Amino acid sequence: MNALNKAFEWITKVAYLNLLWIGFTLCGLIVVGLFPSTAATFSIVRKWVSGNTDIPLFKTFWKVYRQSLLQANILGYIIAAMGYILYLDFLFITLVENDYFMLLTIPFLFISIFFILTSFYIFPVYVHYDMKLLQVLKSSFFIMVLNPIPTAVMVLGVFGITYGLWHFQGLALFFSMSLLALALTMPAHKAFSKIHEKKAYLSKQKLMEE
């Protein structure tokens, strides 16, 4: 019974967080509300993964939403603009009938894959570290490259959740962004922990050498 109660409690929390994400996104008329709501969702999930599971959801969500209103929108629209440029490149490569342009397909695919994988780390890095936006983008890329296993877990998690929601679309109201945030934050948190351990080890070695 305790296990069932705990499971129901977490299902309720995840569903409520997703409703907060939808509600605050709509309050910002989507254009202004989407990315701050996403940042707030990732911030709460980060606290859960770090062991702080008893935080007040609405109060915490609203606080992060207000604090990240400007920065999260700038960051989100930078990502959206980069994605749109890649989409235009895709249209150009596929529509232009020229053998020379077809040679660009392989570099385009590599760039697109790196962009998608880097974007998985953007919001986990944003809510975990106190960085400027350019540093968030750079750090997301390098953490992705240096941590292939957590990145692979992210891919599998996102694919699994997307596949499930595609077949059970009614659940998207309660389990879409909140589940995706969990699928991205847990592997990212392990990658961050490895980085901190390496830094601590190198600092210790440096002190011993001195």
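The following conversation goes through a predicted model of one protein chain.

Student: What should I know about the model before we start?
Tutor: This is a predicted model, in which local features need pLDDT of at least 70, side-chain atom pairs count only at pLDDT 80 or more, and totals for chains, interfaces and linings use all residues. Residues are numbered from 1 along each chain as its sequence is written, and side-chain values use heavy atoms, with hydrogens and water left out.

Student: How many helices and strands does the protein chain have?
Tutor: The protein chain has 9 helices and 0 strands. Helices (H or I, at least four residues) and strands (E, at least two) are DSSP runs, numbered from the N terminus.

Student: And how much of the chain counts as buried?
Tutor: Of its 210 residues, 38% count as buried. Buried means under 20% relative accessible area, exposed means over 50%, and partly exposed lies in between, with a 1.4 Å probe and protein chains only.

Student: What box do the C-alpha atoms fill?
Tutor: Taken along the principal axes, the box is roughly 65 × 60 × 35 Å.

Student: Let us turn to helix packing. How do α1 and α9 cross?
Tutor: The axes of helix α1 (residues 2–27) and helix α9 (residues 177–209) come within 7 Å and cross at roughly 110°. Axes are lines fitted to C-alpha atoms, for helices over the stretch in contact, and angles run from 0 to 180 degrees between N-to-C directions.

Student: What is that arrangement called, and why?
Tutor: The two helices α1 and α9 are therefore roughly perpendicular to each other, because angles of 65 to 115 degrees count as roughly perpendicular, under 35 as roughly parallel, over 145 as roughly antiparallel and the rest as oblique.

Student: Which residues meet there?
Tutor: V14, L17, N18 and W21 in α1 meet M177, S178, L179 and L182 in α9. Contact means heavy atoms within 4.5 Å.

Student: New topic: which residues form the nonpolar patch on the surface?
Tutor: I106, F110, F114, F141, F142, V145 and L146 form the patch, with about 720 Å² of accessible area together. The elements giving two or more residues to the patch are α6 (105–128) and α7 (133–146). Patches are made of residues with over 30% relative accessible area and no salt bridge; like charges are joined within 9 Å, and nonpolar side chains (Val, Leu, Ile, Met, Phe, Trp, Tyr) within 5 Å. Accessible areas come from the Shrake-Rupley method with a 1.4 Å probe; for residues, only the protein chains shown count as cover.

Student: Which helix gives the most?
Tutor: α7 does, with 4 residues. L146 is in helix α7 and counts as exposed, at 61% relative accessibility.

Student: Last one: what does Y77 touch?
Tutor: Y77, found in helix α4 (residues 69–95), touches V31 and F35, not counting residues up to four places away in sequence. Y77 and V31 are 46 residues apart in sequence and 9.6 Å apart in space, C-alpha to C-alpha.

Key
Salt bridge = Lys/Arg side-chain N within 4 Å of Asp/Glu carboxyl O.
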